[in-house]
Amino acid sequence: MKSSYDAIVIGAGQAGPSLAVRLAGAGRKVAMVERHLFGGTCVNTGCTPTKTMVASAHAAHLARRARDFGVAAGEVTVDMRAVKARKDAIVMKSRTGVEKWLRGTENCTVFTGQAVLEGPKTVRVGEDVLEGGHIFFNVGARPLVPNMPGVDSVPFLTSTSILDLEELPRHLVVVGGGYVGLEFAQMFRRFGSEVTVIDKSPRLATHEDEDASAVIHEVFESEGIQVRLNATCIHLENRDGEAGVGLDCNEGAPHIGGSHVLLAIGRVPNTSDLNLAAAGVDMDERGYIKVDDQLRTTAPDVFALGDCNGRGAFTHTSYNDYEIAADNLLKGESRRVSDRIPVHALYIDPPLASVGMSEAEVRKSGTPALMGKRAMTRVSRAIEKGETFGFMKVLVDRETQHILGATVFGTGGDEAIHCVLTAMYARQTAALLTHSVHIHPTVAELIPTVFGELKPLE
Ligand SMILES: Cc1cc2nc3c(=O)[nH]c(=O)nc-3n(C[C@H](O)[C@H](O)[C@H](O)COP(=O)(O)OP(=O)(O)OC[C@H]3O[C@@H](n4cnc5c(N)ncnc54)[C@H](O)[C@@H]3O)c2cc1C
């Protein structure tokens with residue numbers, strides 16, 4: 001059946017639903033297309049399930065450490081079925097909430113199925129042919145399955161399929177020491193699995209500063225997670241019925257045998273099956289849809305939001321893309337992606353949160369800078385909670401005193417970082433923070449202190 005719309009939104013991820021509802025609320029006739037799970041990656045296979053499971057893992061970890069706090073607890077056992085049931089219930093509530101919201105929105109018609117372009121303004125969803133004034137892609141990304149030797153012969157898990165495990169892996173081998181791999185590694189170790197993390201780099205979390213990688217390593221070692229770095233020739237192999245990973249390391253055994261292998265080595269955008277050429281929408285060499293600073297693609301009236309445009313890989317960046325597109329279209333504003341200050345968190349425990357430039361980026365830029373740093377062992381709230389891994393670090397432009405970036409790696413870091421983020425959005429100097437009085441005892445209360453202890457970055 002053929003029908004016409006003012007806007008066609010493809011993908012109900014973190015940008016699509018809010019955009020569809022806002023456009024519909026503004027009186028536009030909207031078609032919303034989703035091929036699989038409403039809420040996309042974050043709700044179904046990303047943020048929500050992982051952070052729900054990280055909470056279960058934290059409970060197990062704390063129970064094992066109960067004696068440190070003067071509390072007697074018995075033997076700690078983890079029921080993976082119960083962990084999964086809790087996670088599924090939270091995910092399902094969110095997923096159905098998004099779907100109901102869309103279906104209950106006046107002016108918004110929901111289509112379920114794979115959307116494919118048939119022309120510059122024409123989208124096919126099964127038997128339905130939709131014609132639209134504006135087209136918005138919010139199609140997201142999926143786990144990368146690399147073309148590595150052995151990948152066809154050994155069963156492996158991805159960040160999606162591992163969420164369905166109802167039994168505890170005896171030995172989980174995680175290939176990839178990035179955000180996703182690290183979160184699962186620590187989580188499953190805390191559930192009770194033996195865990196080995198393998199990476200080809202010389203350190204974990206290579207997107208972070210070296211001091212952060214060193215603390216992550218320290219945290220992992222303290223929990224009995226094996227880490228194998230500089231693995232230059234990673235391949236999957238089956239030995240004696242075990243799913244294993246072969247690696248060519250500078251030191252240690254050349255093969256790690258495990259009961260389960262998780263491949264966590266990146267993500268690819270869901271763009272190859274959209275027939276983008278039919279509308280003249282260009283992709284880059286990695287398959288991301290090319291956009292300008294206001295999220296316009298190379299085709300008129302066609303926009304790409306979220307992970308598929310390669311300008312962000314987080315829920316908050318995708319949601320901000322929605323805000324930019326909606327405000328520019330409906331309010332005539334000129335919001336831009338480049339106005340966004342980079343911010344992210346790595347949800348191992350303790351969490352690592354970062355805003356703006358890293359120390360490595362500041363050094364590389366050659367900006368004369370000042371740096372302040374304090375170990376969590378000198379933060380009273382962390383000491384009181386018995387969670388003293390990590391540090392906080394701030395970077396300031398030596399001439400203008402503007403804040404260049406900050407990292408809070410430690411208990412409560414994912415919340416505490418926001419006072420620095422807000423000061424940066426307000427384009428304030430470090431003085432705003434040094435003069436502010438924070439609540440005692442919090443992790444955030446030490447941020448003004450660190451800004452008051454700046455030294456030249458040599
Ligand atoms: C394990 C894991 C943990 C994560 N944790 C965090 C976190 O803690 N914090 C954070 O900020 N980010 C996290 N992320 C990243 C986050 O999930 C994504 O950045 C976020 O979901 C934004 O995605 P999106 O809006 O671009 O699209 P997605 O959420 O991926 O949604 C895209 C939607 O489009 C649909 N679709 C695709 N192609 C078509 C088509 N042709 N027709 C119709 N529908 C289509 C898909 O089915 C999907 O529902 C995590 C990711 C993973 C994998």
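Tutor: Buried means under 20% relative accessible area, exposed means over 50%, and partly exposed lies in between (1.4 Å probe, protein chains only). With that in hand, Cys-42 is buried at a relative accessible area of 11%.

Student: What should I know about the model first?

Tutor: It's a predicted model: local features need pLDDT of at least 70, side-chain atom pairs count only at pLDDT 80 or more, and totals for chains, interfaces and linings use all residues. Residues are numbered from 1 along each chain as its sequence is written, and side-chain values use heavy atoms, with hydrogens and water left out.

Student: How many disulfides does a search of the whole structure find?

Tutor: A disulfide is a pair of cysteine sulfur atoms within 2.5 Å. Here the search turns up 1: Cys-42 is joined to Cys-47, S to S 2.3 Å.

Student: Which hand does the link of Cys-42 and Cys-47 have?

Tutor: Left-handed, with -130° about the S-S bond.

Student: Is Cys-47 buried or partly exposed?

Tutor: Cys-47 has 27% relative accessibility, so it counts as partly exposed. Cys-233 has 39%, so that residue counts as partly exposed too.

Student: Where does Phe-69 sit?

Tutor: Helices are DSSP runs (H or I, at least four residues) and strands are too (E, at least two), numbered from the N terminus. Phe-69 is in the loop between α3 (47-64) and α4 (80-103). Phe-69 has a relative accessible area of 38%, so this residue is partly exposed.
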